[in-house]
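Colleague: I have a new model open and would like to learn how to read it. Could you walk me through it, feature by feature?

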Amino acid sequence: MAALNLIEKLKKAANLKPSKKTVVLTNGEVVEFYCAPLTMAERQKAQAQAKNDDTNELALQLLVNKAVDDKGERLFNVSHISELKYMCREQDVQALMLAVINDSEEEEAPTDMKRTRKAASEG
C-alpha cells in the first residue's frame, strides 16, 4: 500500500506542463519556446533516435522532439536536424539544447552568450 502512495506522490510532483524557455542568440535576437520536463521514456526514445552514444546527438534529438510554440505545436521535425547541424551556429543550437535539458520550472532568464563567454574567459 505504501508503494502505491509513493507512485501517486511522484506522479503529482511531476508537473509535466511546458514552461517557457528564453534564449538570446549570438546575433542578440531573443527567442522563446516552450518545453515540458523530460521523462525517462522521452530520453529513451531520443537515445534510440540518435542511433549512437554522442550526447550532442541525444540533446539535438530532444530539442527536435520537445520544443514547441505557445500553442503546443512542434517547432522542429526530423528534417530540420541537418539544417540545425550544418546551417546554424553551434552556439545557438547548443543554447537551445541546454534550455530543453535544463529542468527548471520557472521561466528561464535570457541567456546572453556574449556575457557567458566573457565570464568564462575571465574566471
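Colleague: What does the protein average in pLDDT, and how many of the residues score at least 70?

Modeller: This is a predicted model, and pLDDT is the predictor's confidence in each residue. The protein averages 86, with 81% of the residues at 70 or above.

Colleague: Where is confidence lowest, and where is it highest?

Modeller: Helix H6 (residues 113–122) has the lowest confidence, with a mean of 45, while strand S2 (residues 30–35) has the highest, at 98. The pLDDT is below 50 over residues 106–123. In the model, that stretch has 20 contacts beyond near neighbours in sequence.

Colleague: Let's turn to a helix. How far apart are the end C-alpha atoms of H5, and what should the helix span?

Modeller: The expected span is 1.5 Å times one less than the number of residues. Helix H5 covers residues 90–101, which is 12 residues, so it should span 16 Å; its end C-alpha atoms lie 16 Å apart, in agreement.

Colleague: Now pockets. How much space lies in the largest pocket, and which residues line it?

Modeller: Rolling a probe the size of a water molecule over the atoms shows where empty space is left. Here the largest pocket holds about 160 Å³. Its lining is made by Asn56, Glu57, Leu60, Leu84, Lys85, Cys88, Arg89, Glu90, Val93, Gln94 and Met97. Helix H3 (55–66), helix H4 (81–86) and H5 each give two or more residues to that lining, and H5 has the largest share, with 4 residues.

Colleague: How many of the lining residues are nonpolar, polar or charged?

Modeller: The lining of the largest pocket has 5 nonpolar, 2 polar and 4 charged residues.

Colleague: Is Lys51 buried or exposed?

Modeller: Exposed means over 50% relative accessible area, so Lys51, at 75%, counts as exposed. Asn15, at 34%, is partly exposed.

Terms used. Residues numbered from 1 in each chain as written. Predicted model: local features only at pLDDT ≥ 70, side-chain atom pairs only at ≥ 80, totals over all residues. Heavy atoms only, no water. pLDDT = per-residue confidence, 0-100. Contact = heavy atoms within 4.5 Å. 1 Å grid on protein atoms, 1.4 Å probe; cavity = no way out; pocket = protein on both sides within 12 Å on 5 of 7 lines; lining within 4 Å. Points joined across faces, edges and corners; volume = space filled by probe spheres on them. Nonpolar A, V, L, I, M, F, W, Y, C, P; charged D, E, K, R; others polar. Buried < 20%, exposed > 50% of the residue type's maximum accessible area, 1.4 Å probe, protein only.
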